[in-house]
Amino acid sequence: MATRQIRTIGEECLGKVCKPVREINDRMRTLIDDMWETMYEAHGVGLAAPQVGVLRRICVIDVMDDDPIVLINPEFIEKSGEQTDDEGCLSVPGKVASVTRAEYVKVRSMDMDMNEVIIEGEGLRARAIQHEMDHLEGILYGERANEPYRDLEDDEELYEE
């Protein structure tokens, strides 16, 4: 496993629609392992393949709920409710913005053996799934935000004791 360079806002790969994964081979397994390592090293909760420069429909997500997930060729089959909260992104370092998303999602995806699985999420897990799946469509969270990006440092006083 190795960490990969996280692509940042303005890089062309972040605005492209990703291609489906046809098979899980050694190259795809290495990519997924590297994505996990890269995400954890950067202290993220999700990472999509285009964020490391690979235009394939793969995301990894771990919102620290003891159920990390890999999404391969995911598609939404249900969304409901609404939640609004700040989001950040490893590809938009130092910035946050308020984004409204579904409170609950159900997704059809493939697992590491290319078997169909159904993944559900509420709250932060649902937000992370939607955020990462947006990356697969070439969409950064700022395009869905209720406001312009703002500096993360502007919110630091909220977390000081």
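Reader: How many Å apart are the end C-alpha atoms of H2, and what span should its 14 residues give?

Author: In this predicted model, local features need pLDDT of at least 70 and side-chain atom pairs count only at pLDDT 80 or more, while totals for chains, interfaces and linings use all residues. Residues are numbered from 1 along each chain as its sequence is written, and side-chain values use heavy atoms, with hydrogens and water left out. The expected span of a helix is 1.5 Å times one less than its number of residues, so the 14 residues of H2 should span 20 Å; this agrees with the separation of its end C-alpha atoms, 21 Å.

Reader: Which strands does helix H2 touch?

Author: Helices (H or I, at least four residues) and strands (E, at least two) are DSSP runs, numbered from the N terminus. Five strands form an open antiparallel sheet in the order S1-S2-S3-S6-S7, where two strands pair if DSSP finds at least two bridges between them. Strand S1 (46–48) and strand S7 (116–122) stand at the edges with a single partner strand each, so one side of each is left without a neighbour in the sheet. S1 and strand S2 (residues 58–61) pair over three bridges. Contact means heavy atoms within 4.5 Å, and helix H2 (residues 123–136) packs on the sheet, touching S1, S2, S3, S6 and S7.

Reader: Is Ile 119 buried or exposed?

Author: Ile 119 has its place in strand S7. Apart from neighbours within four places in sequence, its contacts include Ile 69, Leu 71, Val 107 and Ile 129. Buried means under 20% relative accessible area, exposed over 50% and partly exposed in between (1.4 Å probe, protein chains only). At 13% relative accessibility, Ile 119 therefore counts as buried.

Reader: Why is the pair of Trp 36 and Tyr 40 classed as it is?

Author: Rings of Phe, Tyr and Trp (its six-membered ring) pair if their centres lie within 6.5 Å; planes under 30 degrees apart count as stacked, over 60 as edge-to-face and the rest as tilted. Trp 36 and Tyr 40 both lie in helix H1, four residues apart. Their ring centres are 5.8 Å apart and their planes are at 15 degrees, so the pair is stacked.

Reader: What kind of pair do the rings of Tyr 141 and Tyr 149 form?

Author: Tyr 141 is buried, at 1% relative accessibility, whereas Tyr 149 is partly exposed, at 29%. Their ring centres lie 5.1 Å apart with planes at 70 degrees, so the pair is edge-to-face.

Key
Axes fitted to C-alpha atoms, helices over the stretch in contact; angles between N-to-C directions.
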